Amino acid sequence: MTIRTGPPCAAGSGAPDLLWAEATDAQAWGCNDLITDLTDVIKPEINNYHPLKINETFIAQTGKYIGWPGDIGVSGWYYREDQLKEAGHGDVDFEQLTWPDFLGIAKELKDKGMYAFVFPADGWSVLFMFTLHQLGGTAVSQDGQSITVGDDKGIRAMQIIKQLWDAGGLDVDIWSIPYWSALKEGKLLGDFAAAWARGFWETQLGQGGEASGIEQWRIAKFPTGEGIKYRTGVWVSSQLVSLRCGKNVTDAINFMQYALGSLEGATRCGKWGIIPAYRPYLAAKDFLDLRSPLFGEWAFDEFWAGQEQELSTEYYRPAGWGAVNDVINTEMVSILKDEENVEDGMKRIVDIATPDFERSKCR
């Protein structure tokens with residue numbers, strides 16, 4: 001049985017039996033009937049996963065479930081507890097921290113030559129999608145037939161991101177050499193990132209020892225405030241799928257059930273680097289007791305288990321979502337630089353995204 005992370009039928013000889021597919025790819029392939037129908041095996045397991053994770057495997061146009069929920073996909077604000085305290089913000093109540101509060105801290109840190117997050121000058125749509133998720137919004141409708149990113153929630157999300165831009169983020173590419181250097185040097189005190197990012201941070205910062213804040217890192221919920229319904233966001237969230245043209249589809253399904261639908265299998269996957277969305281695993285001692293050099297004795301997985309409850313049930317990424325996301329990433333800069341207001345900018349984004357969206361949406 002072969003396992004791949006690339007597009008369908010990309011194996012050198014014959015199609016791969018399993019693919020680790022981002023939700024948007026799985027949706028696009030499922031719309032074209034390229035993926036094995038898992039409806040009969042997934043339906044009895046639905047209550048073992050958050051509704052958002054189930055939605056990511058469901059094709060509205062066909063009524064089929066085509067993937068096994070994989071990574072939990074939650075996110076938070078990673079930060080250096082010791083440096084935040086040294087900078088005069090050691091008493092922050094993260095449970096009550098609002099976006100205006102966070103923006104104030106970010107501005108103060110920037111005045112001292114430090115940064116609370118990264119914001120590349122050419123845009124960063126991940127931040128917008130985080131905030132849209134928080135507001136209970138969605139860039140594309142549940143049925144995947146219309147762009148909704150220009151509605152009131154989309155406008156509000158971009159207003160928050162404009163304020164974040166004005167507060168000042170570090171202008172480096174995400175996870176570039178300058179990025180890791182800024183973390184190690186204490187110039188970058190924190191950043192917004194997904195749960196699965198931990199492995200990258202451990203690899204890059206572990207070599208720096210105490211200077212890189214080993215044992216001093218913590219994670220906080222995203223800020224709250226007016227209109228905020230959820231305290232997390234989604235940045236990449238893959239699932240296992242099996243192509244219809246695979247030679248070992250039955251074996252592939254059995255592997256999915258074991259790897260992502262059993263406590264033993266999820267525990268093994270958890271050690272690999274992701275956080276399986278399987279709820280019995282999220283409540284298991286093996287998960288909750290896990291420790292990392294990055295966080296010391298701080299129970300980071302207890303935090304992530306709580307963040308699962310913060311996932312929106314109103315955020316959808318069907319086929320066509322990527323077309324909208326790509327345009328936001330490139331076109332948000334004119335809004336950020338005050339070349340147009342938020343309302344006009346969001347309308348323009350919808351207009352630009354529409355042709356590609358119409359070509360790529362599920363029919």
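Trainee: Which residues have the most contacts inside the largest nonpolar core?
Mentor: This is a predicted model. Its largest nonpolar core has 112 residues. Those with the most contacts inside this core are F128, V149, F192, W201 and W304.

Trainee: Is helix 6 largely enclosed or exposed?
Mentor: Buried means under 20% relative accessible area. The buried residues of helix 6 include S125, F128 and Q134. Ten of the ten residues are buried, so helix 6 is largely enclosed by the rest of the structure.

Trainee: How do helix 6 and helix 7 lie to each other: parallel, perpendicular or oblique?
Mentor: Helix 6 spans residues 125–134 and helix 7 spans residues 152–167. They pack at an angle of about 130°, with their axes 9 Å apart. Angles over 145 degrees would count as roughly antiparallel, and 65 to 115 as roughly perpendicular. Helix 6 and helix 7 are therefore oblique.

Trainee: Which residues of helix 6 make the contact with helix 7?
Mentor: On the helix 7 side, the contact includes K153, G154 and L164. By class, the contact has eight nonpolar, two polar and one charged residues. From helix 6 come L127, F128, T131 and L132.

Trainee: Which residue with positive phi follows helix 6?
Mentor: Helix 6 covers residues 125–134. The residue that follows has a phi near 80°. That residue is G136.

Methods:
Residues are numbered from 1 along each chain as its sequence is written. This is a predicted model: local features need pLDDT of at least 70, side-chain atom pairs count only at pLDDT 80 or more; totals for chains, interfaces and linings use all residues. Side-chain values use heavy atoms; hydrogens and water are left out. Axes are lines fitted to C-alpha atoms, for helices over the stretch in contact, and angles run from 0 to 180 degrees between N-to-C directions. Helices (H or I, at least four residues) and strands (E, at least two) are DSSP runs, numbered from the N terminus. Angles under 35 degrees count as roughly parallel, over 145 as roughly antiparallel, 65 to 115 as roughly perpendicular and the rest as oblique. Contact means heavy atoms within 4.5 Å. Ala, Val, Leu, Ile, Met, Phe, Trp, Tyr, Cys and Pro count as nonpolar, Asp, Glu, Lys and Arg as charged, and the others, Gly among them, as polar. Buried means under 20% relative accessible area, exposed over 50%, partly exposed in between (1.4 Å probe, protein chains only). A nonpolar core is a set of buried Ala, Val, Leu, Ile, Met, Phe, Trp, Tyr and Cys residues joined through side-chain atoms within 4.5 Å.
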